[in-house]
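Hi,

Here is the structure I promised you. Have a look at it first, and then read on for what turned up.

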Amino acid sequence: FQPKLLQGKRMLITAGPTYEAIDAVRGITNSSSGKMGYAIARAALEAGAEVILISGPVCLQPPAKVKLISVIGAQDMLAAVKNEISHTDIFVSVAAVADYRVKNANSQKTKKTGKNIMLELTPNPDILEYVASLAVPPFCVGFAAETENLEKNAEIKRRRKKLPLLVANLAQDAIGSDECALTLFDNAGQHQLPKARKVEQARHLVKHIALLYEKKRL
Ligand code: C5P
């Protein structure tokens, strides 16, 4: 009997976009299908983990055995993460969190006037940074979708957010697609995962996470 790689481990995943209301019927959001995050949830379940999936609005069926927590905005996502973070071994932040939200969102539908209007945006909390700087953080994995200078931007982001592992991809190749190429950045350097289906990439990634996690504990 071969124990599974993540047997007995608790993994918390954020996935999908966040949606920040402008008024009762309008909002701003990021492009994200949630496919990568949901694929990682599936792969982690296959590897024996208990999986909590905190998801922004997506059109995907969650895997049967995950605990799904649906959220809308970045602040809801942070609150859900805070509720679930204790006893978490591994935190995988795949969500495309909106960097800003509307400062004075209208709870009613704003009427058209034909004139210009101004939206004041205020920064959202950085959920991954919050988790990574906890006194005893879980093993934190970040994602970076970049449109250019992938390597440089990814490594800067990994160091700034103090992450043992950052997964980078080119936004224009990955968003909404069933396939993507990934580059993993960790303390040992870079690892390429050439273009493949996201379900396959998720399995490779979960294996890599499990190996690094074990190494860190030794
Ligand atoms: O947006 P950015 O490229 O900095 O995202 C890098 C990582 O940080 C991603 O893993 C994303 O899920 C996370 N993030 C977050 N909260 C934010 C912005 C980004 O958790 N407000």
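Let's start at the ligand: one of its oxygen atoms sits 2.6 Å from a polar backbone atom of Ser93. Keep in mind that this is a predicted model, so treat the distances as computed from it.

Pro125 has a backbone N or O atom 2.9 Å from a nitrogen atom of the ligand. Lys161 comes in with its side chain, where a polar atom lies 2.9 Å from a ligand oxygen. As for cover, the ligand has 440 Å² of accessible area on its own, and the protein covers 88% of that.

If you want to pick out the surroundings on screen, the residues around the ligand include Ala95, Val97 and Asp99, along with Asp126, Ile127 and Leu128. Gly142, Phe143 and Lys157 are also among them.

Now for the strands. To find the pairings by eye, look for Phe91 opposite Cys140 in S9, and for Glu146 with its bridge partner Leu170 in S10. Between S9 and S10 the chain passes through helix H4 (residues 150–160), making a right-handed β-α-β crossover.

Cheers

Key: Residues numbered from 1 in each chain as written. Predicted model: local features only at pLDDT ≥ 70, side-chain atom pairs only at ≥ 80, totals over all residues. Heavy atoms only, no water. Pairing = 2+ DSSP bridges. Helix = DSSP H or I, 4+ residues; strand = E, 2+ residues; numbered from the N terminus. Right-handed = clockwise from strand over helix to strand, strands pointing away. Near = heavy atom within 4 Å. Polar contact = N/O pair within 3.5 Å; in protein donor to acceptor, adjacent residues only side chain to side chain. Areas by Shrake-Rupley, 256 points an atom, 1.4 Å probe, with all protein chains shown as cover.
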